[in-house]
Amino acid sequence: MAFPPRPPRGAFNPRFKKEQQQEHRTNHMIKVPEVRLVGDNVDPGIYPTPEAIRIARDQALDLVEISPGANPPVCKVIDYNKFLYEEKKKKKEMKAKSKTSEVKEIRFTPNTDDHDFEFKVKHAEKFLTDGDKVKAHVQFKGRAIMFKERGELLLLKFADRLKDVGALEGMPKMEGKRMLVMFAPKAQKKKSGSELGKLIKEDKPAAPVAAAPKAEGTN
């Protein structure tokens with residue numbers, strides 16, 4: 001007598017894989033006997049899990065376990081896909097806010113011309129405005145080490161140009177064959193309403209002065 005073939009052990013179960021990858025337990029994956037139910041259009045309270053699942057399904061929504069460590073676990077009636085989207089959006093915003101500051105380098109020589117200097121000032125302003133630190137240094141090669149004073153004046157001029165967006169962390173100092181300074185981003189101040197009003201008022205053209213009436217009997 002022939003026996004039907006047995007299914008292979010460890011057969012692929014796509015539903016099991018999806019549940020393993022899911023960040024939160026939802027609906028039938030919630031195995032506890034009761035849950036604390038929250039969400040819109042529901043009466044908050046403790047419900048048997050099957051009843052909580054039914055309440056969610058009646059609204060065409062999901063029962064999502066949002067606080068598994070509570071006693072009983074807290075579950076929310078919500079659209080799970082929308083919930084995941086909002087969570088992803090929050091994490092992205094938090095990551096953007098916690099952006100780590102980088103150190104950007106600006107390199108000069110004692111003979112940097114005005115055009116190159118202005119170009120590097122604009123780059124440094126952008127770096128500082130973006131929240132990064134700026135390390136500027138003058139590189140001395142060979143006999144150029146004789147012009148340390150020229151390098152110091154160049155860096156101090158650079159610091160003066162960046163004073164509105166960057167805070168100088170110390171005076172120029174030598175490290176080997178280069179002189180360097182470091183700048184930290186300066187908090188940008190927003191103009192208050194009174195300051196803006198003052199600027200607008202100052203910018204308005206003055207009202208024309210009326211001519212004084214002529215006295216009677218004068219030409």
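Predicted model: local features only at pLDDT ≥ 70, side-chain atom pairs only at ≥ 80, totals over all residues.
Biologist: Which peptide bond is cis, and where does Pro72 lie?

Modeller: The cis bond runs from Asn71 to Pro72, and its omega is near -5°. Pro72 belongs to the loop between strand S3 (62-67) and strand S4 (74-78). The bond asked for is Asn71 to Pro72.

Biologist: Is Asn27 buried or exposed?

Modeller: Asn27 is in the loop between helix H1 (14-21) and strand S1 (34-39). Its phi is near 45°, a positive value in a residue other than glycine. The relative accessibility of Asn27 is 12%, and the cut-off for buried is under 20%. Asn27 therefore counts as buried.

Biologist: And Asn41, buried or exposed?

Modeller: Asn41 sits in the loop between S1 and strand S2 (45-48). Its phi is positive, about 60°, although Asn41 is not a glycine. Relative accessibility for Asn41 is 71%, and over 50% is exposed. Asn41 therefore counts as exposed.

Biologist: Which residues does Lys104 touch, not counting residues up to four places away in sequence?

Modeller: Lys104 is part of strand S5 (residues 103-108). With a relative accessible area of 24%, Lys104 is partly exposed. Leaving out residues up to four places away in sequence, Lys104 touches Phe127, Asp132, Lys133, Val134 and Lys135.

Biologist: How far apart in space are Lys104 and Met182, C-alpha to C-alpha?

Modeller: Along the sequence, 78 residues separate Lys104 and Met182. In space, C-alpha to C-alpha, the distance is 9.8 Å.

Biologist: Where on helix H5 do the buried residues fall?

Modeller: Helix H5 (residues 148-161) has 14 residues and spans 20 Å from its first C-alpha to its last, close to the 20 Å expected. Its buried residues are Gly151, Leu154, Leu155, Phe158 and Ala159. Seen down the axis of H5, they fall within an arc of 140°, so they line one face of the helix.

Biologist: What do the buried residues of H5 pack against, and which residues are exposed on the other side?

Modeller: On the other side of H5, the exposed residues are Glu149 and Leu153. The buried residues of H5 pack against S5, helix H4 (114-129), strand S6 (133-139), strand S7 (166-168) and strand S9 (178-185).

Biologist: How many aromatic pairs does the structure hold, and what is the geometry of Phe117 and Phe158?

Modeller: The structure holds 5 aromatic pairs. In the pair of Phe117 and Phe158, the centres are 6.1 Å apart and the planes make an angle of 75°. Phe117 is in helix H4 and Phe158 in helix H5, 41 residues apart, and the pair links distant parts of the chain. Planes over 60 degrees apart count as edge-to-face, so the geometry of Phe117 and Phe158 is edge-to-face.

Biologist: Which aromatic cluster includes Phe158?

Modeller: Phe158 is buried, with a relative accessible area of 0%. Phe158 also forms an edge-to-face pair with Phe183, 5.7 Å centre to centre and 80° between the planes. That pair joins helix H5 to strand S9 across 25 residues. The cluster is Phe108, Phe117, Phe158 and Phe183.

Biologist: Which charged end sits over the ring of Phe117?

Modeller: Phe117 is buried, with a relative accessible area of 1%. A charged end sits over its ring, 4.5 Å from the centre, and belongs to Lys157.

Terms used. Residues numbered from 1 in each chain as written. Heavy atoms only, no water. Helix = DSSP H or I, 4+ residues; strand = E, 2+ residues; numbered from the N terminus. Buried < 20%, exposed > 50% of the residue type's maximum accessible area, 1.4 Å probe, protein only. Contact = heavy atoms within 4.5 Å. Expected span 1.5 Å × (residues − 1). Arc of directions from axis to C-beta. Phe/Tyr/Trp six-rings, centres within 6.5 Å; stacked < 30°, edge-to-face > 60°. Lys NZ or Arg CZ within 6 Å of the ring centre and 35° of its normal.
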